[in-house]
Amino acid sequence: MSSILGTKHSPNFLFDGTVALYVGRDSKRMEIHKKLLASISPELDKHVNNDMKEGIEGIILLPHEEEVVFTLFTKWVYTGDYAYEDDTPFLCVFSDKFNIPTLRHLAKSKFHAEVSPFEPNSTEDAAGLVLAIGYAYDNLPNSDPILKFLAHYASWKLELLRATPGFEELILARPEFLKALLATLKGLSTKPTATTSQMYATEDDWNRMALKALAARRARASQPK
Amino acid sequence: MNRSRGKIRPPRRGLATDHVDFDEYWEVLAQSLREIYAKNASHLSFEEVYRNAYKLVLKKHGDRLYGNVKKLVGEHLQTVAVRDVKPLLPSSIVTGDVSFGTATTERRTVGTKFLERLKFVWEDHQLCMGMMKEVLMYMDRVFCADHKIPSIYVACMGLFRDHVLRHPEYNIGTALNSVIMDQIKMERDGDIINRATIRACVYMLEGLYETEEELEDQKVYLTSFEKNFLLASEVFYQKEGEQLLRDCDATTYLRKVDKRLKEEYSRCHDTLSVLTEPKIMEVVDQQLIDANINDVMEMEGSGLQFMLDNDRYEDLKLVYDLISRVDSAKRSLKKKMCARLVTMGKEINRAVSTQQISAVSGADGAGGSSKSSAAVVSEEKVANNITVVAIRWVDEVLALKDKYESIWERSFDKDKGIQAAMTRAFTDFINDFDRSPEFISLFIDENLRKGLKGKTESEVDVVLDKALTLFRYISDKDVFERYYKKHLSRRLLMNRSVSHDAEKQMIGKFKMEVGFAFTGKFEGMFKDMNISEEMTSEFKRLLQESNSNYKKGVELSVQILTSTFWPVGGSGTNDHPCVYPPEIRAIRDSFTKYYLDRHSGRKLDWRPDMGTADIRATFKGKKHELNVTTYGMVILMAFRDLRPEEVLSFEEIQTITSIPEQDLVRNLQALAVAPKTRVLIKKPMSRDVRLTDVFAVNEEFSSKFMRIRIGVVATNRAETEQERRDTDEKTERYRGATIEAALVRIMKQRKLISHTELVNEVLTQMGSRFNPDLTMVKKRIESLMEREYMERAEGERQVYHYIA
């Protein structure tokens with residue numbers, strides 16, 4: 001694991017002052033070495049060094065960042081590592097927002113190491129998975145490869161997920177996910193007959209789903225802007 | 001860790017709350033961007049603006065965001081063009097009416113203000129775009145990259161190009177071009193302009209591109225400004241070239257061009273763009289150098305000829321440097337310089353020829369048939385004069401060479417091509433002069449004979465090297481060899497060579513230059529000299545040991561010359577009749593026997609016309625030792641047994657001695673006419689020996705020297721007309737034989753060969769010795785066919801067949 005400290009810096013940043021951060025909805029104050037933060041990415045650099053409020057006052061408000069996520073980030077900044085806390089999607093989103101590929105990479109490898117060996121089978125697991133997928137699809141750009149991975153993962157656990165409340169909503173509200181999921185499905189291996197089709201779903205089931213999707217789209221379209 | 005293992009936890013924050021309304025977000029964002037334009041950014045929160053843009057892109061509004069930003073920037077730039085730039089557009093320049101009468105100062109002020117405004121507007125645009133780019137970083141990174149569209153910064157640079165420079169109503173870009181070119185023209189005319197402002201505007205043009213791909217060759221600077229600038233410069237320099245040609249001398253012209261080149265160079269580095277440097281230099285090169293340099297070099301009284309003649313190293317260097325810019329081969333410089341060099345060389349040749357002619361005509365004026373002694377003597381005098389002329393010729397040629405060599409070193413950067421051209425020029429005029437081989441050999445003779453006395457070894461080397469460079473130029477190396485052999489033989493036989501080391505050094509140099517075939521005979525001559533010395537002393541020892549009748553008094557010193565090495569004329573037949581006095585004849589016969597005993601089958605031919613003899617004589621009780629030629633000795637011996645008052649007529653002497661008439665005349669001239677050495681007297685007294693004269697011993701002879709040298713021709717000298725004709729004839733004969741030998745050699749080897757091939761082969765084989773005359777080669781071929789060494793191949797016209 002590469003450490004920001006080890007590779008990019010002489011410890012000079014230690015003597016160059018700190019910047020105050022007010023993180024989360026509760027505006028928790030913390031300080032971080034200014035040069036260190038600025039060195040992580042051009043985006044963070046601009047948050048620190050600019051001709052706007054932050055640059056002039058030396059204070060950065062981050063009301064939309066989660067305290068927990070930012071704590072993990074800070075830990076990683078100073079140590080090059082953090083303890084896995086099931087927070088992979090958050091760190092992915094965070095590192096995407098602030099352009100931190102190394103952190104992203106680390107998060108991804110932790111995710112693979114911790115999650116992959118485990119096979120979700122409880123409804124609780126399934127509900128968590130649905131929420132996680134929804135969060136990732138809402139907060140990461142389409143090009144992010146983790147989205148595809150999640151679609152594959154969902155395809156693998158399709159049986160379980162199908163039964164989960166919220167899965168339908170997940171599919172209907174996020175066409176990208178549906179598209180990626182469909183791409184992984186094999187479909188029937190033989191020509192369907194009237195009897196065999198009943199093994200999967202009744203015609204009524206399909207009709208119900210289609211109507212629901214239609215209603216959801218209408219509801220969204222009529223929302224006030 | 002364990003507590004969470006294997007669980008997938010739902011995110012802590014709700015998901016559904018994240019709805020993003022584009023217009024709401026954009027309004028905030030647009031306001032921020034406007035604040036940036038208004039220089040009010042200090043109260044903005046970077047985080048907030050960044051986050052807003054981030055949200056919009058994340059919620060798939062990147063497209064609209066990108067479009068809206070562009071629209072906002074575009075509208076702003078339109079305002080800028082109309083509000084800020086347009087009022088300062090210099091009308092007179094835009095309409096192209098520069099000559100309208102606007103004074104330069106006014107034009108400059110108006111132009112500068114316009115430039116300064118554009119510079120300001122551009123720098124502001126860059127500054128604001130820099131900040132906008134930063135808050136929109138997420139859009140660039142995610143949206144623009146994923147959709148492969150230009151970053152917002154690049155897109156907005158394009159907007160500046162379209163909305164400001166290429167404003168559809170006010171030709172701001174065109175005006176900018178005109179103002180810059182106008183100011184540069186002012187500077188070229190000697191005014192001071194504000195370079196920094198222009199530089200800033202050029203930076204702008206360099207920072208803008210025709211398309212968003214920002215291709216290096218699509219900079220607006222290149223596409224819209226540079227071409228016009230180069231065109232205007234071309235016109236300017238074409239005019240300037242014409243004017244300079246009219247008003248200046250060559251030096252001034254060259255300096256001016258040099259100055260212009262330096263100016264344009266620094267202009268590209270300080271004011272315009274380095275991209276333009278090679279192109280504008282080419283314009284100057286074309287208009288000021290290429291177009292006019294020939295006329296400049298031809299300028300009377302200041303052009304190339306003047307510079308060469310007066311050693312204007314600096315100016316010549318400038319000519320060289322400038323020409324090198326337009327022609328790496330420097331053809332015109334080479335041609336003109338060599339033409340001058342050849343003219344100078346031929347001048348030297350002509351001066352020598354005139355002196356020769358006047359000398360010869362002077363000799364003719366002395367009158368008499370060529371056989372008269374006066375003619376013989378005066379012809380020799382002429383030859384001696386020509387020797388002086390020859391040395392001067394070589395000196396002058398060397399001086400010319402030194403002169404051009406130092407120009408070549410100091411001004412022409414030791415250019416290889418020019419060196420080759422100079423060599424050709426020297427070769428040209430040296431070979432144009434038919435006596436150069438003889439003269440160069442005489443020059444070496446002069447130096448090896450006495451000129452080297454008191455010179456250090458390295459000085460000797462310098463002189464010999466100089467001689468060698470001239471030798472290199474000679475194409476008739478065989479003729480040179482003939483002369484050198486002749487001169488060397490005299491030096492050796494008369495013991496006039498100042499140092500054998502120097503001689504050998506010189507031969508070594510020839511050997512390095514053209515090989516052993518050329519110097520073999522020279523080396524043979526040295527060998528002969530050594531062997532002769534050994535034989536002389538051995539013969540003397542044998543004589544003393546074996547012959548009890550050995551008479552002291554006659555001491556023989558022989559020089560045995562291998563006839564092929566030495567230029568001694570026909571071997572075998574006795575061309576040099578002479579009746580020796582008996583004691584001389586005795587020792588001669590004795591040596592002949594000694595020699596032939598050792599080397600049976602050889603032939604000895606005695607040459608009384610070449611040796612010398614020391615004779616003891618007593619005049620008025622004083623003993624003298626006379627050093628005379630062998631002929632002189634034979635003549636004097638004829639007077640030995642006469643009574644004091646007895647005389648011998650010319651005819652009688654001839655009968656007694658059998659010496660050929662010409663040689664006799666020459667020797668009697670030295671013995672009986674030359675003052676200081678007149679040991680004979682003749683009647684009647686006159687300055688020339690006639691066939692009717694009578695001779696007696698000069699009893700009154702006296703000299704303060706004990707040893708008296710009575711020489712006929714002591715030193716090497718130029719050939720007389722007659723001798724030259726002989727030499728030419730010999731050369732022709734020798735060449736004919738050499739060509740024939742080569743022809744036979746080639747035919748023997750090839751058996752069947754075409755005419756062209758055969759001739760070419762001969763030419764290559766002879767090339768290092770002389771340039772064979774084609775008709776001579778043809779004649780030799782004919783002759784060989786007549787003598788049935790070769791024949792035309794059957795059925796083929798141009799092919800020969802060897803007959804074994």
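Author: A residue is buried when its relative accessible area is under 20%, exposed when it is over 50%, and partly exposed in between (1.4 Å probe, protein chains only). The model is predicted: local features need pLDDT of at least 70, side-chain atom pairs count only at pLDDT 80 or more, and totals for chains, interfaces and linings use all residues. Residues are numbered from 1 along each chain as its sequence is written, chains are lettered from A and ligands numbered from 1 in the order in which they are written, and side-chain values use heavy atoms, leaving out hydrogens and water.

Reader: Why is B:Lys330 called buried?

Author: Its relative accessibility is 9%, so B:Lys330 falls under the 20% limit. B:Lys330 sits in the loop between α15 (313-326) and α16 (331-365) of chain B.

Reader: What makes the backbone of B:Lys330 worth a note?

Author: Its phi is positive, about 50°, although B:Lys330 is not a glycine. B:Lys751 also has a positive phi, near 65°, and is likewise not glycine.

Reader: Where is B:Lys751, and why is B:Lys751 called partly exposed?

Author: B:Lys751 lies in the loop between α28 (721-750) and β7 (752-754) of chain B. Its relative accessibility is 44%, which lies between 20% and 50%, so B:Lys751 is partly exposed.

Reader: Which strands form the open sheet in chain B?

Author: Three strands do, in the order β3-β5-β4, with antiparallel pairing. A strand here is a DSSP run of E with at least two residues; a helix is a run of H or I with at least four; both are numbered from the N terminus.

Reader: What makes β3 and β4 of chain B edge strands?

Author: Each pairs on one side only. β3 covers 648-649 and β4 covers 680-683.

Reader: How do you know that β3(B) and β5 pair?

Author: Pairing takes at least two DSSP bridges. β3(B) and β5 (residues 694-697) of chain B have two, in the antiparallel sense, so they pair.

Reader: What stands opposite B:Ser649, and why is B:Ser649 called buried?

Author: B:Val694 in β5(B) stands opposite. B:Ser649 itself is in β3 of chain B. Its relative accessibility is 19%, so B:Ser649 is buried by the under-20% rule. Beyond neighbours within four places in sequence, B:Ser649 contacts B:Asp693 and B:Val694 (heavy atoms within 4.5 Å).

Reader: Which peptide bond is cis?

Author: The one from B:Lys683 to B:Pro684, with omega near -10°. B:Pro684 lies in the loop between β4 and β5 of chain B.

Reader: How many residues in chain B are buried, as a share?

Author: The share is 48% of 804 residues. In chain A it is 43% of 225.

Reader: How many helices and strands does chain B have?

Author: Chain B has 30 helices and nine strands. Chain A has 14 helices and three strands.

Reader: What share of the contacts in chain B joins residues at least 24 apart?

Author: Among contacts between residues at least 6 apart in sequence, 72% do. For chain A, with a separation of 6 or more, residues 24 or more positions apart account for 62%.
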